[in-house]
Amino acid sequence: MKTQVCIIGGGPAGLLLGHLLHAEGIACVVLERHTAAHILARIRAGVLEQVTVGLMERLGLDARMKAEGLPHGGFNLADGERLIHIDVAALTGKQVMVYGQTEITRDLMDASDERGLQVVYGAQDVALHDIDSDAPYVTYAIEGVRQRVDCRFIAGCDGFHGPSRKAVPARVSKEFERVYPFGWLGILADVAPCNHELIYANHERGFALASMRSATRSRYYIDVPLTEKVEDWPDDRLWDELAIRLGPDAAANMTRGPSIEKSIAPLRSFVFAPMRHGSLLLCGDSAHIVPPTGAKGLNLAASDVHYAAHALTAFFGRNDAEAIGAYSDRALARVWKAERFSWSLTRLMHRFPEDGPFERAMQVAELDYIASSQAAQTSIAENYVGLPV
Ligand code: FAS
Ligand code: PHB
């Protein structure tokens with residue numbers, strides 16, 4: 001097969017990029033190792049910044065999101081009895097959209113069939129070749145039969161564990177990483193949320209987050225030591241812990257129900273630079289990971305795709321390679337700001353095992369400052385709703 005862009009990975013980054021390029025008449029193919037059903041079964045992000053909403057609008061794929069999504073104008077930081085409301089709408093004039101990553105991915109998948117975007121599911125042994133040249137190619141196997149895609153660019157949208165980042169020579173790359181000493185145990189249940197907005201709680205027993213997917217489907221998290229397993233947390237134990245950590249008011253409004261999904265996700269901050277090498281561009285989790293505290297992971301994938309689509313459209317449409325050359329610096333400039341916010345909010349809202357009384361006093365002082373300062377709340381709000389792309 002010969003095409004212009006070979007996209008590795010059919011998650012949100014790969015499908016968003018594929019649709020944007022396809023809409024511009026740029027020939028592309030998406031290679032995904034799993035089935036569509038496998039991808040839709042992964043429960044991940046829940047909060048969309050305007051950059052993500054905007055890309056779905058630009059593609060004309062925002063109808064279901066606008067019909068079923070929940071616009072949120074604020075969120076809450078709970079510290080013991082205290083609830084600090086961050087009025088994002090009043091402080092920034094913008095909102096976030098609560099609409100699960102699963103639904104975004106479903107909308108993109110459904111449109112692939114309708115619009116003729118070629119997505120190959122079940123692509124095994126994907127390998128990148130000649131990325132330093134102007135004629136790279138990708139090999140893969142379908143049911144044991146080896147295939148080859150010749151292209152001008154490869155877009156590595158294959159997540160943290162994919163092959164694309166590893167194809168960049170170590171001599172030209174640099175990694176930055178912080179692994180956190182806890183994971184997030186998440187539960188999805190078809191029960192009404194305990195609050196109309198999200199609550200991030202820093203309790204003496206640990207972190208908790210009350211989120212949602214709709215008015216009838218809730219998503220909750222607590223932080224747990226990395227030694228814990230999902231089977232250590234039967235539903236009742238998790239509901240009891242959530243009620244304690246989220247506080248009496250949230251607990252009084254909490255509806256319990258059977259989990260339809262329950263999993264533990266490790267937390268890390270990770271950045272890989274550069275995000276372009278030769279004819280390979282990296283987008284999304286293949287190049288960076290954030291702790292989910294700031295709800296940035298999916299949204300950073302969207303801003304990478306925004307920059308990558310702009311660069312590839314300029315290259316193929318106007319033979320202008322300037323934006324390709326600038327892609328990595330442009331994407332990383334926004335990535336680092338989101339990394340800082342996500343790390344900072346994780347530091348503020350979690351009890352780290354190595355922390356002592358001083359570190360706890362710093363958390364209390366920072367929460368006191370946020371509670372009393374519009375400037376501090378504005379800073380949090382503008383990062384949460386998404387910095388400009
Ligand atoms: P993805 O990982 O979503 O997609 C990469 C795709 O590439 C996958 O479908 C994979 O199968 C495919 N792939 C990998 N290797 C391949 C190969 N060799 N060949 C072909 N295909 C290959 N973000 C938030 O904002 N909020 C959250 O609450 C949140 N929770 C998360 C929970 C978990 C467990 C994880 C892992 C991530 C979470 N994230 C969250 C972050 C997440 O939403 C990512 O930011 C988002 O999925 C990024 O999208 P992609 O870059 O497309 O990567
Ligand atoms: C979610 O609803 O899954 C969610 C929301 C906000 C976060 C992380 C996860 O910061």
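In which strand is the place of Ala141? In this predicted model, Ala141 sits in strand S10, which covers residues 137-142. Ala141 has a relative accessible area of 11%. Ala141 therefore counts as buried, because buried means under 20% relative accessible area. Ala127 is 14 residues away from Ala141 along the chain. The C-alpha atoms of Ala141 and Ala127 are 9.7 Å apart.

Ligand 1 comes next. The shell around ligand 1 holds 28 residues. The closest of them are Glu32, Arg42, Arg44, Gln101 and Asp285. By class, this shell divides into 13 nonpolar, 8 polar and 7 charged residues. Helix H1 (12-23), strand S2 (28-32) and helix H9 (297-318) each give at least two residues to the shell around ligand 1. Several polar contacts can be listed by atom. The side chain of Asp285 places an N or O atom 2.9 Å from an oxygen atom of ligand 1. A nitrogen atom of ligand 1 is 3.2 Å from a backbone N or O atom of Arg33. A polar backbone atom of Leu298 is 3.2 Å from an oxygen atom of ligand 1. On its own, ligand 1 has 1000 Å² of accessible area, and the protein covers 86% of this area.

Ligand 2 has a shell of 14 residues. Tyr200, Ser211, Arg213, Tyr221 and Pro292 are the closest. The shell around ligand 2 contains 8 nonpolar, 3 polar and 3 charged residues. Three strands each supply at least two residues of this shell: S14 (198-203), S15 (206-214) and S16 (217-225). S15 gives the most, with 3 residues. Side chains make polar contacts with ligand 2. In Ser211, a side-chain N or O atom is 2.6 Å from an oxygen atom of ligand 2. For Tyr221, a polar side-chain atom lies 2.7 Å from an oxygen atom of the ligand. For Tyr200, the distance from a side-chain N or O atom to an oxygen atom of ligand 2 is 2.8 Å. The accessible area of ligand 2 on its own is 280 Å², of which the protein covers 97%.

Rolling a probe the size of a water molecule over the atoms shows where empty space is left. The second largest pocket has a volume of about 290 Å³. This pocket is lined by 15 residues. Those closest to its centre are Thr102, Glu103, Leu188, Arg213 and Arg217. The lining of the second largest pocket has 7 charged residues, along with 4 nonpolar and 4 polar ones. Helix H4 (63-68), helix H6 (101-115), S15 and strand S17 (259-273) each supply at least two lining residues. H6 provides the largest share of the lining, 4 residues.

Arg245 belongs to helix H7, residues 235-246. Is Arg245 buried or exposed? Its relative accessibility is 8%, so Arg245 counts as buried. The side chain of Arg245 makes polar contacts with other residues. One partner is the side chain of Asp223, at 2.8 Å. Another is the backbone oxygen of Phe207, which lies 2.8 Å from a polar atom of the Arg245 side chain.

Backbone geometry supplies the last set of results. Most residues other than glycine have a negative phi, and most peptide bonds are trans. A cis peptide bond joins Ala273 and Pro274, with omega about 5°. Pro274 lies in the loop between S17 and strand S18 (276-277). Ala295 is not a glycine, yet its phi is positive, at about 55°. Ala295 is in the loop between strand S20 (288-289) and H9. Its relative accessibility is 17%, so Ala295 counts as buried. Asn319 also has a positive phi, near 55°, and is a residue other than glycine. Asn319 is found in the loop between H9 and helix H10 (322-349). At 65% relative accessibility, Asn319 counts as exposed, because exposed means over 50%.

Key
Residues are numbered from 1 along each chain as its sequence is written. Chains are lettered from A and ligands numbered from 1 in the order in which they are written. This is a predicted model: local features need pLDDT of at least 70, side-chain atom pairs count only at pLDDT 80 or more; totals for chains, interfaces and linings use all residues. Side-chain values use heavy atoms; hydrogens and water are left out. A residue is near a molecule or strand if one of its heavy atoms lies within 4 Å of it. A polar contact is a pair of N or O atoms within 3.5 Å; within protein, one must be able to donate a hydrogen and the other to accept it, and residues adjacent in sequence count only if both atoms are side-chain atoms. Accessible areas come from the Shrake-Rupley method with a 1.4 Å probe; for residues, only the protein chains shown count as cover. Ala, Val, Leu, Ile, Met, Phe, Trp, Tyr, Cys and Pro count as nonpolar, Asp, Glu, Lys and Arg as charged, and the others, Gly among them, as polar. On a 1 Å grid over the protein atoms alone, a cavity is a set of points where a 1.4 Å probe fits but cannot get out, and a pocket is an open set with protein on both sides within 12 Å along at least five of seven lines; lining residues have an atom within 4 Å of a point. Grid points are joined across faces, edges and corners, and a volume is the space filled by probe spheres set on the points. Buried means under 20% relative accessible area, exposed over 50%, partly exposed in between (1.4 Å probe, protein chains only).
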